[in-house]
Amino acid sequence: MHERIDRLPATLVNADPDELEREFEVRLVESSTLAFRVAFSVLRHREDAEDVAQDAFAKAYRSFRQLRDREKFRAWIVRLTWRMALDRQRSNRRRVTREQLVATEPTSNPHVANARAAQLWQAIDQLPEKLRMVVVLAGIEGHDMREVSTLLDVPEGTVKSRLFQARQQMKEWLS
Amino acid sequence: MTRREDRVDDTALGSELESLLSVEPSADFQARVRARLANERVSGGGAGWWGRTGWQTRWQVAFALVAGIVLVVAVFRLGHQTREEQARIAPPVRQQSIPPAPVADGHTATPQAVPPAPPAAGDRRTRLHLSAGAPIQVAVAAVPATRDPFSDVLVSAREVKALRQIAAMLSPDEKSEVPRPVAPTEISELVIAPITVAPIQLRPIEGEAE
């Protein structure tokens, strides 16, 4: 989907605010779902994921002059959203521990109600963070290796090997 | 498990993950992000340049401000300290009057204050006005802030006494309490005893054959 939108010219250094607004609107439309899904893959909670993605876009907006390049923006928003989602997850866990409550939200979510989905999420959660990120990004919007390597700013070979390792481990756990 | 089965498994797992992650945000998600950004614009407009800058620039500006404040405070305190030190070493009274020396007829001249000379830039010399019978006025030019505080010590008591003696000697027919210097006594005859030189006697060194 995002391939339809061409890279904006990098020579627009001193663009006027209106032009920047228009560019940001384009980025928002093409990357908002991606950011939301990344956040959801960590949090497994729709409202929380939307909040985190929203915060990430607010941050990106403040630094948009440095992130006008399309690929750079997408990679930046993915990594930022992932980090912020992890932070939110940690604070949620701390809060739950403090209140001595059992976290019921993820299991009550319709997306994980399905037993198979619950298994898959569990397998994803057990993966090391580097492998988990590759699996998630490869599973979102049908990203191929090249796109994932661009988003994570790692070589394509690394993505390939991480994806292979992740799938092997998941298959073991799921079988 | 064969490679083909593996690939099938991978494909199945991939499609499962894709369907698992194909969660759509709520319909008003983008609208809420836009509203949030609009709020940012409104609140960020008040912040001005500071609100739009990155954290690195903010740190640099904050550091420069702190350094500037420290520098100004240091300069101010140093200047204040120097002024205090100068005030302690050189008292503000810049004119001293020495009692007049007695003149020949027993009168003393009326002391007349000599106004201090206007301070010249860098002028640190002491000006002495001496005249017979007149009071000795030591007018000191106002000493500006200088590097050497010890030059502010002007005339010592001994020097004042010596000056008074000189002034008394300069006035003719003066009955001064100060004793005049006595003329040196002449030496009439100088007797020097003759110097006698005894010859040196050489003695042979021990063990040396004659």
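# A tour of chains A and B

Select chain B to begin: from the N terminus on, its elements run α-α-α-β-β-β-α. That is 4 helices and 3 strands, where helices (H or I, at least four residues) and strands (E, at least two) are DSSP runs numbered from the N terminus. This is a predicted model, in which local features need pLDDT of at least 70 and side-chain atom pairs count only at pLDDT 80 or more, while totals for chains, interfaces and linings use all residues. Residues are numbered from 1 along each chain as its sequence is written, and chains are lettered from A and ligands numbered from 1 in the order in which they are written.

Stay on chain B and colour by burial. Of its 210 residues, 7% count as buried; buried takes 20 or more other C-beta atoms within 10 Å of the residue's own, exposed 12 or fewer, and partly exposed lies in between, with C-beta atoms placed from the backbone. Among contacts in chain B between residues at least 6 apart in sequence, 57% join residues at least 24 apart. Two residues are in contact if their C-beta atoms, placed from the backbone, lie within 7 Å.

Next, show the contact between the chains, which takes 24 residues from chain A and 21 residues from chain B. On the chain B side, helix H1 (3-21) and helix H2 (29-52) each supply at least two residues. H1(B) gives the most to that side, with 9 residues. By class, the chain B side has 9 nonpolar, 4 polar and 8 charged residues. Here Ala, Val, Leu, Ile, Met, Phe, Trp, Tyr, Cys and Pro count as nonpolar, Asp, Glu, Lys and Arg as charged, and the others, Gly among them, as polar.

Move to chain A and select Ala166(A), in helix H8 (residues 156-174). Ala166(A) counts as buried because it has 24 C-beta neighbours inside 10 Å. Leaving aside neighbours within four places in sequence, Ala166(A) is in contact with Leu127(A), Leu131(A), Val134(A) and Val135(A).

Axes are lines fitted to C-alpha atoms, for helices over the stretch in contact, and angles run from 0 to 180 degrees between N-to-C directions. The contact of H6(A) with H8(A) has 7 nonpolar, 1 polar and 2 charged residues.

Follow the chain to Glu141(A), in the loop between H6 and H7. Its phi is near 55 degrees, a positive value in a residue other than glycine. With 15 C-beta neighbours inside 10 Å, Glu141(A) counts as partly exposed.

Helix H7 (residues 145-152) of chain A comes next; its axis and that of H8(A) come within 8 Å and cross at roughly 105 degrees. Met145(A), Arg146(A), Val148(A), Ser149(A) and Leu152(A) in H7(A) meet Glu156(A), Val159(A) and Lys160(A) in H8(A).

End at Asp153(A), in the loop between H7 and H8 of chain A. Asp153(A) is not a glycine, yet has a positive phi of about 60 degrees. Asp153(A) is exposed, with 11 other C-beta atoms within 10 Å.
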